[in-house]
Amino acid sequence: MTRPHHSFRGEEMEHHSFVYTTDDTRLTVSESGSADAPLHIVFCHGLALSQHIWGPQWRSLTNHLGDRAHLVFYDQRGHGNSQESCSGPDGYSIAQLGADLATVIDHTCLSGPVMAVGHSLGGMSILSLAHHHPDIAARLTGAALISTAAHSLSAMGIGRALHTPAVPLLEHVVDHAPAITHYLWNLARAAAGPMLGIPVKRTLARDDRASIRAVIGILTALRDHDETAGLALLNELPHCLVACGEADPVTPLQHSLNLRQQMPNARLLTAARAGHMLPLERPRLINDALIAMATSLAPACVPAPTLVTA
């Protein structure tokens, strides 16, 4: 099913569709480039964001790769223009997010190699895909894990709040005072946005909305998040990138160092003085790294750019 709408702040994508997941939740997908291109690149966004976070990457990769790459962007369940979980709170597990990614790949990348790019929660979705869906993950030839973690998210940084009463309290407010939930949620996002490197105008944009129930469900799942079982598969890929800002307060650099330690074949890319939102804070750094990876995976692409340093 397709429907017309503008994407990436009014810049029109070539194709829009809905994908229905294993529990019939409807996800909104946007695509650019031919589905017959030699390489598919699928982008997974982070918590409380939407596919619009990838605007700088869409523009840069489209310009540099042209018809050699098929770009796929989607809104995670309960985010952007995607539907809330049809299976209730249990539908926000990290395993389910990995299943959603598997469904998106299966429905939009019908044949050929796939490169997966994930920021924060999106990176965890890729790890979950590798762990729980090795049949689909076998199609991966490259992966970029940006500002993410494989386990122990609550051990450092803002993640320590996961084991405080904050999340149950938020859930209690949603259940017992739904009339003020939307107002409080927008205030919270506006306050947290600058700290995370998200401009407030982007934080509160309509298409970047996130369901408070989705956020609560995912935060609850992140308390026990552990997708280390997927690391071995990703370590064997021809290309794997681990990237993080050195001043990231959400998934501190140590998480990326841990990933690199468990995936010695991966390339580690760090950005001095950068926070959690690398795709927005350091777009050229991320764009050049992704273009270089894509060019290696699809040799007919234009020459790789000269990589910038953080």
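The protein contains twelve helices and eight strands. Helices (H or I, at least four residues) and strands (E, at least two) are DSSP runs, numbered from the N terminus. The structure is a predicted model, in which local features need pLDDT of at least 70 and side-chain atom pairs count only at pLDDT 80 or more, while totals for chains, interfaces and linings use all residues. Residues are numbered from 1 along each chain as its sequence is written, and side-chain values use heavy atoms, with hydrogens and water left out.

Confidence is given by pLDDT, the predictor's confidence in each residue, from 0 to 100. The mean pLDDT of the protein is 86. A value of 70 or more is reached by 77% of the residues. Residues 1–7 stay under 50 in pLDDT. For this stretch the model has 23 contacts beyond four places in sequence. Contact means heavy atoms within 4.5 Å. The pLDDT is also below 50 over residues 200–205, a stretch with 15 contacts in the model beyond near neighbours in sequence.

The protein has 310 residues, and 56% of them count as buried. Contacts between residues at least 6 apart in sequence were also examined. Of these, 76% join residues at least 24 apart.

Helix H1 covers residues 55–65. Its buried residues are Gly55, Pro56, Gln57, Trp58, Ser60, Leu61 and Leu65. Several elements take part in covering them, including strands E2 (26–32), E3 (39–44) and E4 (69–74). Helices H11 (278–281) and H12 (283–297) are also among the covering elements. Just after H1 comes Gly66, with a positive phi of about 55°.

Helix H2 runs over residues 94–108. The expected span of a helix is 1.5 Å times one less than its number of residues. The 15 residues of H2 should therefore span 21 Å. The end C-alpha atoms of H2 are 21 Å apart, which agrees. H2 is mostly covered, with twelve of its 15 residues buried. Among them are Ile94, Gln96, Asp100, Thr103 and Thr108.

Two packed helices are described by the angle between their axes and the distance between the axes. Axes are lines fitted to C-alpha atoms, for helices over the stretch in contact, and angles run from 0 to 180 degrees between N-to-C directions. H2 packs with helix H3 (residues 121–132) at an angle of about 80°. Their axes are 7 Å apart. The angle makes H2 roughly perpendicular to H3. Angles under 35 degrees count as roughly parallel, over 145 as roughly antiparallel, 65 to 115 as roughly perpendicular and the rest as oblique. From H2, the contact uses Ile94, Ala95, Leu97, Gly98, Leu101, Ala102 and Ile105. From H3, it uses Leu121, Met124, Ser125, Ile126, Ser128, Leu129 and His132. The residues of this contact comprise ten nonpolar, four polar and no charged. Here Ala, Val, Leu, Ile, Met, Phe, Trp, Tyr, Cys and Pro count as nonpolar, Asp, Glu, Lys and Arg as charged, and the others, Gly among them, as polar.

Most residues other than glycine have a negative phi. Ser120 is not a glycine, yet has a positive phi of about 60°. Ser120 lies in the loop between strand E5 (114–119) and H3. Its relative accessibility is 9%, so Ser120 counts as buried. Arg273 also has a positive phi, near 65°, and is a residue other than glycine. Arg273 sits in the loop between strand E8 (267–271) and H11. Arg273 is exposed, with a relative accessible area of 71%.

Strand E7 (residues 239–245) contains Leu241. Leu241 is buried, with a relative accessible area of 2%. Leu241 touches Ala143, Ala144, Leu145, Arg267, Leu269, Ala289 and Met293, not counting residues up to four places away in sequence. Leu241 and Arg267 are 26 residues apart along the chain, and their C-alpha atoms are separated by 4.8 Å. Thr270 lies in strand E8. At 24% relative accessibility, Thr270 counts as partly exposed. Thr270 and Val242 are 28 residues apart in sequence, with 8.4 Å between their C-alpha atoms.

Ile216 belongs to helix H8 (residues 212–222). Its relative accessibility is 6%, so Ile216 counts as buried. Ile216 and Pro89 are 127 residues apart in sequence, but 8.4 Å apart in space, C-alpha to C-alpha.

Conventions: Buried means under 20% relative accessible area, exposed over 50%, partly exposed in between (1.4 Å probe, protein chains only).
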